[in-house]
Amino acid sequence: MKYIPFMLSALLCVVMASATFIEDRTGTDAAHTLIYDSWWFNLLWVVTLTSYLIYIVITLSERSSKTDNDKKGTDNAAKMIVALLFLFGSAQSVTLANAPKCIKLSQADSLKYQQVLYNGRVCPLNTVARDFTQKITGKHKYKGLTAEQILISWSLHPEDWKDVKMIKVKKKQALKELNIETEKASFADFFDKDMMYRLPQGKYPDIEEKLSIIIMATRGELFTPVTSSHQMKSENKVKCEVFYNNVSWNLILFICCFCITLLVFYTEKTHKSPVVCDTLILITLSALVLSLILRWYISEHLPLTNTYETMQIIALSTLSLALFSKNLRTYSLIISAAILLVTHISSLDPVITPLMPALQSPWLASHVTTIMISYALFSILLFKADMKILVYAEILLATGITLGSIWAKTAWGTYWSWDPKETWALISFIVYLYPIHSNTLRWFRDDRHKLLYLRLAFLTILMTYFGCNYLLTGMHSYAQ
């Protein structure tokens with residue numbers, strides 16, 4: 001009897017996970033008809049919740065009969081809290097040698113602070129240029145030319161630049177179809193003599209995006225100069241954005257975390273004072289906080305609206321844990337360094353965008369922050385099977401799900417709509433419940449088994465955080 005609720009929970013996770021892929025392939029209506037709105041799915045939930053209630057009653061009665069085990073009773077209380085949460089939380093140019101026409105550096109720099117309308121917000125031209133160059137070449141500069149030089153030169157002299165091999169192509173199959181041996185292609189490589197697109201339409205959306213951006217730049221459609229004084233931002237805010245753009249925050253912070261980790265290993269082996277480590281962690285944490293404050297100041301909304309920003313919040317949480325918990329310091333620093341490195345080298349888009357209407361809510365900060373802190377705690381469990389951390393993480397995740405459902409009611413008119421991200425958050429919560437019940441599930445009494453399970457369970461967090469953004473589609477797609 002005591003294993004039934006856990007078996008039913010596992011079955012629910014499989015059904016819900018399958019439903020998210022069915023929804024992605026056949027549509028939301030089909031998923032609701034086949035699964036979410038079906039009688040058997042609702043019955044499965046009722047039976048599962050009922051079995052958990054019976055399990056709780058039986059467990060409590062068994063514990064109450066053992067008056068000589070107060071310590072186990074305390075642990076059991078924590079487990080019951082999590083179980084209950086499960087129930088209720090559910091211009092002028094110069095020609096360079098062997099290079100296309102390019103404007104002078106002095107001219108480009110003079111336009112760096114020019115305010116333009118781009119991506120629905122007013123920003124300095126520096127932001128547009130860096131975004132343009134990053135998306136085209138994969139870097140913020142090209143052969144010694146600044147981002148402003150590249151953008152303006154492309155706009156003024158497209159015929160000179162169309163044959164320059166500067167467009168980064170990641171897909172080897174695309175390079176093969178274009179008969180190109182290097183990973184860089186020119187704009188002209190993608191079109192034949194009749195200016196027909198050489199690749200299959202829609203097969204390589206990332207390439208088509210790059211080409212579209214270039215075409216918009218040459219047509220003068222990528223950005224619009226701001227001339228009205230009431231639209232312009234303050235000079236301080238523009239300078240602040242240019243400063244923010246030109247600092248490699250994640251790379252610098254990653255190097256700091258990596259070096260501090262090595263120092264922590266050294267101080268632990270030599271038993272030297274960790275004061276230096278504390279100071280360096282505090283400085284690194286302050287720098288990360290500064291970057292988030294600057295982003296908040298520039299965007300005029302909390303930096304919690306996309307994958308890039310929320311990953312920084314996770315890094316902030318783990319760095320804070322490294323500062324205040326010496327037992328978890330090494331693990332926290334490793335995770336912080338890994339997150340910052342991923343945000344630096346991956347294709348995550350750091351571009352600041354205006355806050356879309358669905359996110360203009362007071363629930364944004366509480367919901368996202370709670371979820372991100374829980375993810376940070378779950379990541380610590382990859383290294384150490386600490387049950388207290390697991391309980392805290394589960395409570396935070398349940399709280400975040402509950403806050404999200406309240407927000408969903410105000411934004412979409414319903415507390416729960418079986419959106420893929422909602423569903424996978426619930427799956428993650430259920431999956432992480434199992435190790436807490438080691439008194440019932442004896443397999444989890446072995447720390448090696450528990451750690452192995454927690455590492456595998458983290459795949460559900462990755463699916464919730466990344467998979468639902470990039471593999472599935474739903475109402476949370478703006479998180480991309």
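The dialogue below takes up helix pairs, salt bridges, backbone angles and one cysteine.

Mentor: Begin with the ground rules. This is a predicted model, in which local features need pLDDT of at least 70 and side-chain atom pairs count only at pLDDT 80 or more, while totals for chains, interfaces and linings use all residues. Residues are numbered from 1 along each chain as its sequence is written, and side-chain values use heavy atoms, with hydrogens and water left out.

Trainee: How is the packing of two helices described?

Mentor: Two packed helices are described by the angle between their axes and the distance between the axes. Axes are lines fitted to C-alpha atoms, for helices over the stretch in contact, and angles run from 0 to 180 degrees between N-to-C directions. The helices themselves (H or I, at least four residues) and the strands (E, at least two) are DSSP runs, numbered from the N terminus.

Trainee: At what angle do α6 and α10 pack?

Mentor: Helix α6 (residues 125-137) packs on helix α10 (residues 205-219) at about 140 degrees, and their axes are 9 Å apart. Angles under 35 degrees count as roughly parallel, over 145 as roughly antiparallel, 65 to 115 as roughly perpendicular and the rest as oblique. The pair α6 and α10 is therefore oblique. The crossing of α6 and α10 is left-handed, a term for a near helix turned anticlockwise from the far one by less than a right angle (clockwise would be right-handed).

Trainee: Which residues make the contact between α6 and α10?

Mentor: F132, K135 and I136 come from α6, and E209, K210, I213, I214 and A217 from α10. Contact here means heavy atoms within 4.5 Å. Sorted by class, the contact of α6 with α10 has five nonpolar, no polar and three charged residues. In this scheme Ala, Val, Leu, Ile, Met, Phe, Trp, Tyr, Cys and Pro are nonpolar, Asp, Glu, Lys and Arg are charged, and the others, Gly among them, are polar.

Trainee: How are α13 and α14 oriented to each other, roughly parallel or roughly antiparallel?

Mentor: Helix α13 (residues 275-299) and helix α14 (residues 307-324) cross at roughly 155 degrees, with axes that come within 10 Å. They are therefore roughly antiparallel. Here too α13 passes α14 in a left-handed crossing. Residues of α13 in this contact include I281, L285, L288 and L292, and those of α14 include I313, L316, L319 and L323. By class, the contact of α13 with α14 has 13 nonpolar, four polar and three charged residues.

Trainee: Now the charged pairs. What counts as a salt bridge?

Mentor: Side chains of opposite charge can pair when their charged atoms come close. The rule used is a side-chain nitrogen of Lys or Arg within 4 Å of a carboxyl oxygen of Asp or Glu. By this rule the count comes to twelve salt bridges.

Trainee: Which residues are linked with K135 in a network of salt bridges?

Mentor: D131 and E209 are linked with K135 in that network. The K135 and D131 side chains meet at 3.6 Å, N to O. Both residues lie in helix α6, four residues apart, about one turn of the helix. For accessibility, buried means under 20% relative accessible area, exposed over 50%, and partly exposed in between (1.4 Å probe, protein chains only). K135 is partly exposed because its relative accessibility is 22%, whereas D131, at 5%, is buried.

Trainee: Where do K239 and E235 lie?

Mentor: Both are in helix α11 (residues 235-245), four residues apart, about one turn of the helix. K239 is partly exposed at 44%, and E235 is exposed at 55%.

Trainee: What about phi: what is its value at K143?

Mentor: Phi of K143 is near 50 degrees, a positive value in a residue other than glycine. K143 sits in the loop between α6 and α7 (147-156), and with a relative accessible area of 73% it is exposed. M195 also has a positive phi, about 60 degrees, although it is not a glycine. M195 is in the loop between β6 (184-185) and α10, and is exposed at 53% relative accessibility.

Trainee: Last, is C13 buried or exposed?

Mentor: C13 is buried, with a relative accessible area of 10%. C13 lies in helix α1 (residues 4-26). Leaving aside residues up to four places away in sequence, C13 touches I427, I430 and V431.
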